[in-house]
Amino acid sequence: MNDSLLEEASLSFIDNGQGSDARANDGLYSVSYEPAQTGGYLITANLQGTTSQGLPFEANEGGRLVVNPPEVKLNGVFHDQGVDEDGDGYFDLV
Ligand SMILES: [Ca+2]
Ligand SMILES: [Ca+2]
């Protein structure tokens, strides 16, 4: 893998049901970032916050991902909807 270097970015995770966060206040925080170039990326994250009991926490995580060029372009108007097959409130397929 030919990893690219990205500038360090400070991103805030949200749990308010807006943007990439599917449901507000469910304890699942989301963030969205769109790399400017395709290729391989190394991701490191330093997560800091406060638990629901008011205790501070910190965790470090990392991984790799590959950003591929889009293979399909939709032109015009497209309608579809997500399907929650197991009833957990999250789409399992479109
Ligand atoms: Ca959420
Ligand atoms: Ca589901």
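1. N25 counts as exposed because 9 C-beta neighbours sit inside 10 Å. The scale, with C-beta atoms placed from the backbone, is this: buried means 20 or more other C-beta atoms within 10 Å of a residue's own, exposed means 12 or fewer, and partly exposed lies in between. N25 is found in the loop between strand 1 and strand 2. Its phi is near 55 degrees, a positive value in a residue other than glycine.

2. A word on the basis of these values. This is a predicted model, in which local features need pLDDT of at least 70 and side-chain atom pairs count only at pLDDT 80 or more, while totals for chains, interfaces and linings use all residues. Residues are numbered from 1 along each chain as its sequence is written, chains are lettered from A, and ligands are numbered from 1 in the order in which they are written.

3. The protein has three strands and zero helices. Both element types are DSSP runs, numbered from the N terminus: helices are H or I with at least four residues, strands E with at least two. Along the sequence the pattern reads β-β-β.

4. E34 also belongs to the loop between strand 1 (3-4) and strand 2. E34 is exposed, because 5 other C-beta atoms lie within 10 Å. The C-alpha atoms of E34 and V67 are 9.3 Å apart, and 33 residues separate the two along the chain.

5. Strand 2 (residues 39-50) and strand 3 (residues 56-67) pair in the antiparallel sense, over twelve bridges. Pairing requires at least two DSSP bridges between two strands. I43 has G63 of strand 3 as its bridge partner. Five residues lie between the strands of this hairpin, where G54 takes a positive phi near 85 degrees.

6. How many of the twelve residues of strand 2 are buried? The count is zero, and the strand is hardly covered. In a regular strand, side chains alternate between the two faces of the sheet. For the protein, buried residues make up 0% of the 94 residues.

7. Overall dimensions come next. The radius of gyration of the protein is 17 Å, whereas a compact globule of 94 residues would have one near 12 Å. This radius is taken over C-alpha atoms, and the globule rule is 2.2 Å times the number of residues to the power 0.38. Along the principal axes, the C-alpha atoms fill a box of roughly 50 × 40 × 20 Å.

8. Of the contacts with a separation of 6 or more, 32% join residues 24 or more positions apart. A contact has C-beta atoms, placed from the backbone, within 7 Å.

Key. Contact = placed C-beta atoms within 7 Å.
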